[in-house]
Amino acid sequence: NEADGWSVTADWVMTETLSWKFIYADRSSEYGSGLDDDSVAATLFTYPETGFADQESAELQLYGDFGAWDFVAGLYSFEEDGENRQVPNFFAGGPGDFTLGQHAESQAIYGNVGFQVTEDLRLSAGARYTEDDKDAYVIINSGLIAESNARDWSETSWEVAAAWDVSERINLYGTIQNGYQSGQYPPRPYCLFANLDFSQPGNVSRPNCFQANDNVTATNYEIGLKGTPLDTLQMSIAAFYTDYSDLPYQVSESTGVGFNTVNLIVDQTSSGIEWESAWAPTNAFTLFTTLGYIDADVDDPNPTVVAPLTPEITASISPQYIVGLANGGELLFRVDWSYRDDMYGEPSNDPGRFTAIDSRDLINFDITYSEPNARWSLSAYGRNVTDEKYDNARLLPTDYVLIILNNDRSEFGLRYVYNFGG
């Protein structure tokens, strides 16, 4: 895999109250990957893949600060060309090829205004208007099927927020945000074989399945508390409720000529709580903790449809102890335990699909020596020290289960870090 990019930023302080900023960025990436689904010496179900993406973005921002009032306004532009190719691929032993590409453009105008009502209370509101255009194409088996399509979307999104300093230690905040994402084309549209028609351009009839879905919109309500309620405790806790409309779930199945991946469009609500803290009862000992809970409810006529890859509970506990040495250096001892609840690998809880993923927990450790001036450090570390084997994804495209296993097997080593300058 290769990636490169560069960016340039220009700032202009026009007056004491107004300033401009311009940001331009250019990024390019190439990758090579793929799947070998048969796990045997014969080449039966093999999908080597290469791809690239070239992106450009430009943003112009205007900032204003007028005491109690402040604002930011801007213009944004983004353009991307990307493609992935499987040449050749093998389905049921037969060679073929597959190319999928897309050109995307996005432009937006936005603004946000804040007002300091009192020394302790701040209110803000903002809006953004976005236009997106996507042109996509697919070529299967050297032009046996060739299809393209284009679509544009637009949406106005907005946000209102309030932040209140309850005390010098605690801040209470609340936000209501409306978000937007443009639609997506099917990533593997082998469903086009159902529209095979040699009398039509590209050998497919129209309309067909190579269509982009509607806008995905979400409205999020969040309230949270953060700060240092005690001298020894830093914490944040938030409760949220998110309402999604036209959310796409990717579903894969075998069509007999290849794997067809399409978008299952649903409405979904998610609610939950997030906690994060650092408790330091002494200068030497700190206990870091996180906890997340989410309840996802999917609105679909099929009662087996569930939110995929969405564990109900996630958690971590990380005790850390620092020992000061006579030479002024330090020894740091840290253990990290993390937990991920069980979940489903695809948007179905049908037990006959065998896509339930068990929960997993991981243990890491670090023992680090830092020299007195913190110019360098040497660490002994362990990752996944119990060599936990777990599934990251499970799919049932046909009469077998495709399991994506973890690649972070047990690892132990030494790490040396040197800080230049400063």
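Buried means under 20% relative accessible area, exposed means over 50%, and partly exposed covers what lies in between, with a 1.4 Å probe and protein chains only. By that rule Cys209 is partly exposed, because its relative accessibility is 23%. This is a predicted model, in which local features need pLDDT of at least 70, side-chain atom pairs count only at pLDDT 80 or more, and totals for chains, interfaces and linings use all residues. Residues are numbered from 1 along each chain as its sequence is written, and side-chain values use heavy atoms, with hydrogens and water left out.

Start with the cysteines. A disulfide here is a pair of cysteine sulfur atoms within 2.5 Å. Searching the whole structure gives one disulfide. Cys191 and Cys209 form it, with 1.9 Å between their sulfur atoms. The pair links distant parts of the chain, 18 residues apart. Cys191 and Cys209 each sit in the loop between β8 (170–181) and β9 (216–230). Strands are DSSP runs of E with at least two residues, helices are runs of H or I with at least four, and both are numbered from the N terminus. Which hand does the disulfide of Cys191 and Cys209 have? The torsion about the S-S bond is about 90 degrees, so the disulfide is right-handed. Cys191 has a relative accessible area of 13%, so Cys191 is buried.

Next come the rings. A pair of aromatic rings is described by the distance of the centres and the angle of the planes. Rings of Phe, Tyr and Trp (its six-membered ring) pair if their centres lie within 6.5 Å; planes under 30 degrees apart count as stacked, over 60 as edge-to-face, and the rest as tilted. The count comes to twelve aromatic pairs. One of them joins Tyr190 and Phe193. Their centres are 6.3 Å apart and their planes meet at 5 degrees, so the pair is stacked. Tyr190 and Phe193 are both buried. Ring pairs also link Phe98 with Tyr190 and Phe193 in a cluster.

Tyr221 and Tyr241 make a tilted pair, 6.3 Å centre to centre with 40 degrees between the planes. Tyr221 lies in strand β9 and Tyr241 in strand β10 (residues 233–254), so this pair ties together parts that are 20 residues apart in sequence. Tyr221 is partly exposed, with a relative accessible area of 39%. Tyr241 is partly exposed too, at 38%.

Rings also meet charges. A charge sits over a ring if NZ of Lys or CZ of Arg is within 6 Å of the ring centre and within 35 degrees of the ring normal. The charged end of Lys134 sits over the ring of Trp153, 5.6 Å from the centre of that ring. Lys226 places its charged end over the ring of Tyr173, at 5.3 Å from the ring centre.

Now the salt bridges. Each is a side-chain nitrogen of Lys or Arg within 4 Å of a carboxyl oxygen of Asp or Glu. The whole structure holds eleven salt bridges. In one of them, Asp70 and Arg122 bring their closest N and O atoms to 2.7 Å. Asp70 lies in strand β4 (residues 69–91) and Arg122 in strand β6 (residues 121–140), so the bridge ties together parts that are 52 residues apart in sequence. Asp70 is partly exposed at 23% relative accessibility. Arg122 is partly exposed at 28%.

Arg169 and Asp231 also meet in a salt bridge, 2.3 Å from N to O. What does this pair tie together? Arg169 lies in the loop between β7 (145–165) and β8, and Asp231 in the loop between β9 and β10, so the pair joins parts that are 62 residues apart in sequence. Arg169 is partly exposed at 35% relative accessibility, whereas Asp231 is exposed at 72%.

Are the partners Arg394 and Asp391 buried or exposed? Their salt bridge has its closest N and O atoms 2.7 Å apart. Arg394 is buried at 18% relative accessibility, and Asp391 is buried at 15%. Elsewhere, salt bridges with shared partners join Asp366, Arg383 and Arg415 into one network.

Finish on the surface. Patches are made of residues with over 30% relative accessible area and no salt bridge; like charges are joined within 9 Å, and nonpolar side chains (Val, Leu, Ile, Met, Phe, Trp, Tyr) within 5 Å. Accessible areas come from the Shrake-Rupley method with a 1.4 Å probe, and for residues only the protein chains shown count as cover. Phe22, Leu60, Leu75, Ile109 and Tyr129 form a nonpolar patch with about 430 Å² of accessible area together. Ile109 lies in strand β5 (residues 94–116). At 48% relative accessibility, Ile109 is partly exposed.
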